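I opened my notebook for a look at this fold.

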Amino acid sequence: MTSDKQPPQESLDPTDWEAFSARLHSMLDAAIGKMRTASEGRVWTEPPEDLRAKFSLDGAPRSPDEVDSTLRYLLPYGVGNTHPRFLGWVHGSGTPANLAADMAAAAMNANTGGRNHGAIQVEREVIDWCRRLYSFPETTTGLIVSGTSMATIIGLKVARDSQLDFESRRGGVCGQKLVGYTSSEAHACIARAFDMLGLGSDALRRIPVTPDHIMDVSALKEMIAKDRAEGCTPFMIAGTCGSVNAGTIDDLDTLADISHTENLWFHVDGAFGALGILSERLRPRLKGLERADSLAFDFHKWLHVNYDAGCILVRSGEAHLRSFSDRPDYLKSSERGLAAGSPWPVEFGPELSRGFRALKVWAHIAEHGEEKLGRLITRNCEQAAYLGELVQAAPDLELLLPVSMQICCFRYVRAGLSDEALNTLNEDIVMQLQLQGIAAPSTTRISGRLAIRVNITNHRTQFSDLDLLVREIERIAADLTSD
């Protein structure tokens with residue numbers, strides 16, 4: 001049978017492209033409607049009991065209308081970070097304009113692990129913008145990754161391999177007794193990276209912090225000397241640029257000095273704080289960031305790019321390449337054609353299959369520009385300072401830490417209640433704020449006291465939202481203690 005007489009083959013493409021276009025326009029309208037009303041209604045709504053049943057899969061196909069109806073049903077039940085009073089965990093709030101970039105990326109369906117195509121060129125431009133933003137040298141290489149957790153694994157792998165002259169790629173790290181250092185306020189992703197890289201989380205020394213909640217450099221120096229005397233091999237220091245509890249910034253310049261003197265790799269966890277370099281208010285406090293050997297940070301936090309989009313920068317592109325490059329025959333490069341364009345992104349990280357995250361990052365920066373994005377970061381810091389002033393002016397609220405950047409930690413207090421009772425009361429206040437859909441702060445502990453932790457990394461948050469938050473905390477506290 002000739003090919004022109006064969007029956008049509010099955011495909012996953014629509015049979016009616018005009019109907020498909022109308023279908024997607026309808027879903028786009030629903031998505032725009034969701035984002036248009038992001039500042040309205042409840043912050044968080046608990047998913048109903050039947051949600052999982054609606055999404056159960058039995059392997060049988062459903063009609064496009066049923067699929068789309070189920071997708072629309074899901075829209076109200078997100079984590080709440082698009083709402084201006086999502087004030088807990090450090091989540092970005094996203095932007096409607098990213099829908100356009102995500103549609104273009106989905107249409108291309110590009111694998112950015114390698115080969116010679118436009119998506120990789122866009123990623124290289126974004127990395128080059130980051131390099132210039134942080135005043136890194138031209139030798140710098142980097143990747144757009146899922147987030148700071150993956151970025152940290154990549155950066156610390158390069159640090160580990162560099163210390164061991166890259167022999168660890170074949171021989172492993174058994175018996176090397178490598179140790180590293182970070183503050184007791186550092187994010188858990190650093191310890192997780194030590195675990196995943198075969199170093200063991202016990203090899204990460206948690207250095208105590210000063211009363212200002214930054215790494216105590218005297219204690220750091222003492223620990224390095226102690227480890228060397230006991231036969232350990234120090235290999236890296238991880239500075240924190242924006243601590244999770246308090247939003248504090250380690251003395252990065254001094255940590256860079258110590259790293260240089262001790263011949264250690266200097267890594268910076270800048271998950272949200274590093275992009276403070278766009279803010280005139282924060283930029284002077286980031287001195288030393290430009291000296292990092294590796295820098296991990298997120299676009300999906302304070303830059304408000306839609307999830308997920310993080311970044312790793314490595315000062316020595318040569319070390320970065322040596323730590324990951326491994327090209328089997330089926331990934332052989334060439335000087336021309338689709339297999340050109342070396343080195344490929346897969347030679348700088350663990351993933352060969354990678355989505356086109358860079359497009360939404362590029363589109364976001366291109367549309368809004370550095371100055372506007374920096375102003376929004378500054379405003380969040382001003383809002384956190386304003387909340388701190390509201391707390392200090394309220395007789396029944398207590399500020400537990402000075403406001404350092406965009407985080408304010410405080411608690412409700414009432415005479416006659418023990419610390420344990422106050423901890424329970426403040427936890428109940430936060431729970432009621434969430435359950436009633438009013439706001440979504442989180443909790444943490446500051447010197448053993450449970451704190452209402454308000455993080456503001458949200459371009460939709462208004463000063464009036466913070467006035468409302470304080471009023472509602474006092475109302476809920478009064479209701480909870482009325483007996």
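Predicted model: local features only at pLDDT ≥ 70, side-chain atom pairs only at ≥ 80, totals over all residues.

**Entry 1**

I began with S6. Which of its residues are buried on each side? On one side I found Trp265, His267 and Asp269, and on the other Phe266 and Val268, all of them buried. So both faces of S6 are covered, given that cut-off of under 20%.

**Entry 2: the partner of S6**

Next I looked up how S6 (residues 265-269) is joined to S5 (residues 233-240). The two strands run parallel, with five bridges joining them. I wrote down two facing pairs for my own orientation. Met236 stands opposite Trp265 in S6, and Gly239 stands opposite Val268 in S6. A reminder to myself: strands of a sheet pair through backbone hydrogen bonds, either parallel or antiparallel.

**Entry 3: the whole sheet**

Then I stepped back to see where these strands sit. I read the order as S2-S8-S7-S6-S5-S3-S4, an open sheet of seven strands with mixed pairing. Which strands are at the edges? They are S2 (141-145) and S4 (204-207), and each pairs on one side only. On average, neighbouring strands of this sheet are turned by 20° against each other, direction ignored.

**Entry 4: helices across the sheet**

I checked two helices that lie across strands. H5 (residues 118-133) lies across S2, S7 (294-298) and S8 (310-314), and runs at about 115° to S2. H8 (residues 189-196) lies across S3 (178-183), S4, S5 and S6, and its angle to S4 is about 165°.

**Entry 5: a helix pair**

Last, I turned to H9 (residues 217-229) and H10 (residues 252-262). Their axes come within 11 Å and cross at roughly 20°. Because angles under 35 degrees count as roughly parallel, I logged H9 as roughly parallel to H10. The crossing of H9 past H10 is right-handed.

Which residues meet there? From H9 I listed Val217, Leu220, Lys221, Ile224 and Arg228, and from H10 Thr254, Leu255, Ile258 and Glu262. By class, this contact has five nonpolar, one polar and three charged residues.

Definitions and conventions. Residues numbered from 1 in each chain as written. Heavy atoms only, no water. Axes fitted to C-alpha atoms, helices over the stretch in contact; angles between N-to-C directions. Helix = DSSP H or I, 4+ residues; strand = E, 2+ residues; numbered from the N terminus. Parallel < 35°, antiparallel > 145°, perpendicular 65-115°, else oblique. Left-handed = near helix turned anticlockwise from the far one by under 90°. Contact = heavy atoms within 4.5 Å. Nonpolar A, V, L, I, M, F, W, Y, C, P; charged D, E, K, R; others polar. Pairing = 2+ DSSP bridges. Buried < 20%, exposed > 50% of the residue type's maximum accessible area, 1.4 Å probe, protein only.
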